[in-house]
Amino acid sequence: MLHACVYATILLGFFGIIFKENLVMKIIAMDVMSTGVIALFVLVAARTGVRTPIVGILPRDGYADPVPQAVILTAIVIGFSIQALMLVGVMKLARDNPTLETRAIEEEYR
Amino acid sequence: MIINGTILWLALPFFVGFTVYLLPGTARLLTLGVTLVSLAYAMALFGQPAPLDLHLLDSFGVTLLADDLSAYFILTNALVTAAVILYCWDTSKTAFFYTQAIILHGSVNAVFVCADLISLYVALEVIGIAAFLLIAYPRQDRSLWVALRYLFVSNTAMLFYLVGAALVYQTHQSFAFTGLRGAPTEAVVLIVLGLLVKGGVFVSGLWLPLTHAEAESPVSALLSGVVVKAGVFPLVRCALLMEELDPLLRVFGVATALLGVVYALVETDAKRVLALSTVSQVGWVIAVPPAAGVYALAHGLVKAALFLTVGNLPSRDLTVLQQRPMATSLWLPLMAGSVAIAGCPLFLSFGAKAFTLEYALPWQGIMLNVAAVGTALVYAKFLVLPHRRDATSTAKLGLWTALALLLGSLLLANVVYLEAYTGPKVLKALAVIGGGLLFHRLVVQRFRFTLPQVLEDFEHLIGGMSVMVVVLFLMVGSWLAI
């Protein structure tokens with residue numbers, strides 16, 4: 001069930017990238033897609049357990065796998081820096097193309 | 001010794017990149033120094049008897065694998081970046097440009113030695129950001145849009161790749177490349193899709209022509225010379241580690257080689273011809289994985305030289321260039337580059353083509369020979385351009401030092417495969433070039449076709465990814481034994 005939701009998020013984001021006309025909406029759709037990917041990593045990690053993996057007197061089994069979580073932290077940072085970069089670019093583009101319609105921009109700069 | 005050296009060498013470009021931003025006066029010298037270090041490292045790697053296999057930290061740490069294949073790609077990266085820095089030497093590029101160029105250099109290097117999916121992901125994303133900033137460097141709306149489009153396409157592809165990486169981890173509890181074996185079909189499909197888009201292969205590579213043609217010529221040289229190789233290198237690496245992937249690459253390679261040539265044949269814009277020819281040459285690189293290193297080196301050097309030269313021509317439009325003769329001093333390197341990429345003896349490209357054809361499967365041999373004739377036809381467009389000795393040229397000293405480095409290396413590098421120089425092979429290469437020139441004069445010049453560019457629209461690029469997913473599912477699921 002959770003898996004289905006995660007994959008639905010990824011797909012919806014992808015369709016948003018294709019079908020939304022506005023450039024800002026496309027970027028937000030990409031953000032939705034990357035949220036789905038992040039959720040997938042969390043889900044993969046949590047599949048084996050729910051505890052936080054801290055060394056101590058706690059029982060050794062049933063902890064969530066820390067590796068995908070550590071990895072996805074990197075990916076989150078990369079993802080938001082790319083989005084920030086794209087939004088700055090869009091802000092500059094918006095000065096001369098206030099509607100930010102992808103098709104119009106593409107016609108102009110072909 | 002070489003282990004510590006590897007880590008230092010990987011970190012150096014990033015360190016220098018930020019230092020350069022603090023000390024702008026030293027930008028050119030320091031960045032050139034870094035490329036020399038890479039050059040030395042590649043040479044040291046060639047001298048290693050066995051591949052270098054590194055596991056940093058414990059089993060979940062970063063894994064690196066450096067062998068002869070990496071050495072060829074690193075050598076390409078070092079030479080092309082050095083040439084671009086030399087080219088920009090007497091221009092007014094700011095320290096920001098050099099910072100980005102050297103960070104790009106460093107992250108491309110990282111791709112060429114990494115051996116796990118996540119290090120690869122990080123390196124590819126850094127490449128995306130650095131390339132974005134380089135393309136957007138002129139700060140005009142047009143270059144900004146081209147850069148945005150590039151970053152968007154590459155980031156969407158990398159999201160698919162990440163999903164694939166998560167699935168591989170789920171199966172094997174490890175991110176190593178070899179985990180692709182035994183991973184579910186969808187994991188392989190998504191990872192391969194991400195890399196195909198990044199490397200500009202087949203239909204998913206159609207973002208490449210506009211991006212490479214609209215960037216400034218030194219940036220185009222970097223993008224075409226090394227950055228696309230960062231996408232195809234992991235594919236080649238995986239195919240060599242796991243034979244199951246080999247047929248997939250061979251099919252895509254040949255298809256790409258032919259697609260790029262067909263598009264380039266009908267094009268009349270000089271930079272777009274070069275960019276489309278890059279698509280075709282990327283196909284050659286992956287078509288025969290065992291020969292990928294040599295071919296990548298040959299293509300990187302010659303394409304960088306061609307982009308730098310074409311950037312100095314009086315016009316980009318080939319029909320205008322037909323009417324307005326260029327300076328002979330520019331025509332000579334243009335001619336050298338054109339015959340080199342078509343596989344003329346004396347240049348490394350000849351040896352690389354012979355090497356590739358030697359390892360090609362029988363059905364591939366025929367198709368690749370067709371692609372080679374196509375390449376000769378494409379570059380005949382440049383060979384027939386008129387030139388005059390007294391025409392003025394705006395070329396600066398930087399162009400000549402860069403060209404000397406690139407073309408000189410292209411001649412010197414012949415030592416890697418001297419066996420190619422046999423009578424029949426030399427004759428065949430000359431016949432291909434001569435035939436291409438003749439056919440161009442007799443037939444191609446008389447007719448003009450155009451192919452629709454609609455597939456290069458932004459939405460179609462993203463939509464093309466979903467089509468590729470379906471194609472890959474069919475191929476991987478029913479045909480490959482993974």
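Biologist: How much area do chain B and chain A bury between them?

Modeller: Ground rules before I answer. This is a predicted model, where local features need pLDDT of at least 70 and side-chain atom pairs count only at pLDDT 80 or more, while totals for chains, interfaces and linings use all residues. Residues are numbered from 1 along each chain as its sequence is written, chains are lettered from A and ligands numbered from 1 in the order in which they are written, and side-chain values use heavy atoms, with hydrogens and water left out.

Modeller: Now, buried area is the accessible area (1.4 Å probe) that two parts lose on being put together, summed over both. Here chains B and A bury about 3800 Å², with 74% of that on carbon and sulfur atoms. W145(B), F152(B) and E459(B) supply 18% of what chain B buries against chain A, more than any other three residues.

Biologist: And how many residues of each chain are in contact?

Modeller: Contact means heavy atoms within 4.5 Å. By that rule, 38 residues of chain B meet 42 residues of chain A.

Biologist: Which residue forms a salt bridge with R103(A)?

Modeller: A salt bridge is a side-chain nitrogen of Lys or Arg within 4 Å of a carboxyl oxygen of Asp or Glu. The partner of R103(A) is E459(B), and their closest N and O atoms are 3.0 Å apart. Between the two chains the count is two salt bridges. There are also six residue pairs in polar contact, both residues at pLDDT 80 or more. A polar contact is a pair of N or O atoms within 3.5 Å; within protein, one must be able to donate a hydrogen and the other to accept it, and residues adjacent in sequence count only if both atoms are side-chain atoms.

Biologist: Which helix of chain B gives the most to the side that touches chain A?

Modeller: Helices (H or I, at least four residues) and strands (E, at least two) are DSSP runs, numbered from the N terminus. On the side of chain B that touches chain A, α5, α6 and α19 (458-478) each supply at least two residues, and α6(B) gives the most, with 18 residues.

Biologist: Over on chain A, is K26(A) buried or exposed?

Modeller: Buried means under 20% relative accessible area, exposed over 50%, partly exposed in between (1.4 Å probe, protein chains only). K26(A) counts as buried because its relative accessible area is 0%. It lies in helix α2 (residues 23-46) of chain A. Leaving out residues up to four places away in sequence, K26(A) touches residues of both chains, including T102(A), F152(B), F458(B) and E459(B). A polar atom of the K26(A) side chain lies 2.7 Å from the backbone oxygen of I17(A).

Biologist: What about phi: which value does R139(B) have?

Modeller: R139(B) has a positive phi of about 60 degrees, although it is not a glycine. R139(B) lies in the loop between α5 (117-135) and α6 (141-172) of chain B, and it is exposed because its relative accessible area is 53%. Q173(B), in the loop between α6 and α7 (185-199), is another non-glycine with positive phi, near 55 degrees.

Biologist: Last one: which residues form the nonpolar patch on the surface?

Modeller: L346(B), L411(B), V415(B), V416(B), L418(B) and Y421(B), with about 550 Å² of accessible area together. Patches are made of residues with over 30% relative accessible area and no salt bridge: like charges are joined within 9 Å, nonpolar side chains (Val, Leu, Ile, Met, Phe, Trp, Tyr) within 5 Å. Accessible areas come from the Shrake-Rupley method with a 1.4 Å probe; for residues, only the protein chains shown count as cover. V415(B) sits in the loop between α17 (397-412) and α18 (423-442).
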